[in-house]
Amino acid sequence: MSEPRVIKKYPNRRLYDTAESRYITLADIRRLVIDKADFVVIDQKSTEDITRSILLQVITEQESGEPMMSQDFLSQVIRSYGSAMQSFVGTYLENSLKLFSNQQQQMRDRMRDSGTPDPFSAFANLTQKNLEFWRTMQDQFFNSMNGAPTPRSNKPPAEHEASEDTKAHHKDGE
């Protein structure tokens with residue numbers, strides 16, 4: 001396994017990519033993340049690993065456009081720091097995003113294999129359903145942390161609605 005690419009952050013706040021021998025920007029760091037490059041950001045003066053701090057700056061820069069994270073979500077994350085649930089919350093969020101990413105990849109694979117005529121539309125619909133499901137799961141999780149009652153179903157919204165329709169149909173047929 002090769003060593004990660006080293007990015008040095010200088011006191012003047014500039015980032016220097018030692019692999020390419022050039023100064024880079026946060027946009028370049030974002031590109032490294034998207035390309036799944038293995039890298040580490042080191043503070044040149046203290047030699048401290050500041051990779052997480054730089055990644056948070058990249059997220060902050062991205063959030064200034066169309067935000068992905070709601071104010072409520074960010075507030076809940078902040079509240080989880082210092083609590084007994086801090087480690088659990090981080091693991092939960094990480095695993096949720098991995099699951100979401102895996103589902104997206106599976107959908108891409110299925111569409112490629114099936115020759116779906118409009119793969120982007122089908123993918124957009126699935127992504128929306130997954131996002132709604134993830135938000136529901138997130139709400140349930142945070143409600144349980146706050147002591148609020150949680151709904152019983154963990155099914156995606158479309159499946160939940162179908163099961164409610166089925167229940168109503170069975171009631172009417174009885």
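Thr127 is buried, with a relative accessible area of 19%, where buried means under 20%, exposed over 50% and partly exposed in between (1.4 Å probe, protein chains only). The model is predicted: local features need pLDDT of at least 70 and side-chain atom pairs count only at pLDDT 80 or more, whereas totals for chains, interfaces and linings use all residues. Residues are numbered from 1 along each chain as its sequence is written, and side-chain values use heavy atoms, with hydrogens and water left out.

Thr127 belongs to helix α5 (residues 119-145); helices (H or I, at least four residues) and strands (E, at least two) are DSSP runs numbered from the N terminus. Neighbours within four places in sequence aside, Thr127 is in contact with Phe100 and Gln104, contact being heavy atoms within 4.5 Å.

The protein chain holds 6 helices and 4 strands, in the order β-β-β-α-β-α-α-α-α-α from the N terminus. Of its 174 residues, 22% count as buried. Among contacts between residues at least 6 apart in sequence, 44% join residues at least 24 apart.

An open sheet of 4 strands has the order β3-β2-β1-β4 with mixed pairing, two strands being paired if DSSP finds at least two bridges between them. Strands β3 (22-24) and β4 (39-43) are at the edges with a single partner strand each, so one side of each has no neighbour in the sheet. Neighbouring strands are turned by 35° against each other on average, direction ignored. Strand β2 (residues 15-17) runs antiparallel to β3 and is joined to it by 3 bridges; Asp17 stands opposite Arg22 in β3.

Helix α1 (residues 26-34) packs on the sheet, touching β1 (5-9), β2, β3 and β4, and its direction makes about 145° with that of β4. Axes are lines fitted to C-alpha atoms, for helices over the stretch in contact, and angles run from 0 to 180 degrees between N-to-C directions. Helix α2 (residues 51-63) lies across β1, β2 and β4 at about 105° to β4.
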